Amino acid sequence: MSESIRTYFSDARNLLVQFMADESNFERIAEAARILSDAIRTGNKIIACGNGGSMSDAMHFAEELTGRYRGDRQSLAAIAISDPAYLTCAANDYGYDQVFSRFISGMGKSGDVLVAISTSGSSENVIRAAEMARSMEMRVIGLTGKSGGNLALLCDIELRAPMSEYADHVQELHIKIIHALILEIERHIVR
């Protein structure tokens, strides 16, 4: 057996254990879930964005909310900025750094919540999305890694994975955070 396989899983476990050792991480997840739930309950929506694997996470988050997670319930208002026709149009016309902020300027409103996902916290288009959301009086929940980058400074709540050399383990932790958020949103909304 390849030792690299065992090392991969050990590294992933160690990152999760490190995250779980900080009780404030659970408090931030609970607070983020409350903000997201309040937005839905008041007729607002969740908009999620990210690049690459983080876009996949944003899409996964939105589809679990609009579809279902663990049980049947009403569809919840959530969308990921992921339409390829829109993304290529906006990137061509305005630049890739504005693809998410442009969408938010047209579709977001005060009371909505942006879930901004960046494993480094330094993705320019995600940062611009957060800036646009804040200018529109939207709340911002960031899923980050490394130092949190400039995105950390724009978040109402930042959920940061512990330092990891590679983005893959950060993404693995982000999906656990996303599932915990959905579980709590369902608990708040479906009673």
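## A buried aspartate and its partner

D112 is buried, with a relative accessible area of 0% (buried means under 20%, exposed over 50% and partly exposed in between, using a 1.4 Å probe and protein chains only). This is a predicted model, in which local features need pLDDT of at least 70, side-chain atom pairs count only at pLDDT 80 or more, and totals for chains, interfaces and linings use all residues. Residues are numbered from 1 along each chain as its sequence is written, and side-chain values use heavy atoms, leaving out hydrogens and water.

The partner of D112 is K45: the two form a salt bridge, with their closest N and O atoms 2.7 Å apart (a side-chain nitrogen of Lys or Arg within 4 Å of a carboxyl oxygen of Asp or Glu). This pair links distant parts of the chain, 67 residues apart: K45 lies in the loop between α2 (23-41) and β1 (46-49), and D112 in the loop between α5 (99-107) and β3 (113-117). Helices (H or I, at least four residues) and strands (E, at least two) are DSSP runs, numbered from the N terminus.

## Two more links across the chain

R73 pairs with E186 in a salt bridge, the closest N and O atoms being 2.7 Å apart. Here 113 residues separate R73, in the loop between α3 (53-66) and β2 (78-80), from E186 in helix α7 (residues 167-189). Both R73 and E186 are buried.

R139 and D156 also meet in a salt bridge, at 3.5 Å from N to O. R139 is partly exposed at 35% relative accessibility, and D156 is partly exposed at 33%.

## The wider picture

The whole structure holds 13 salt bridges. Shared partners join E31, R34, D38 and R41 into one network.
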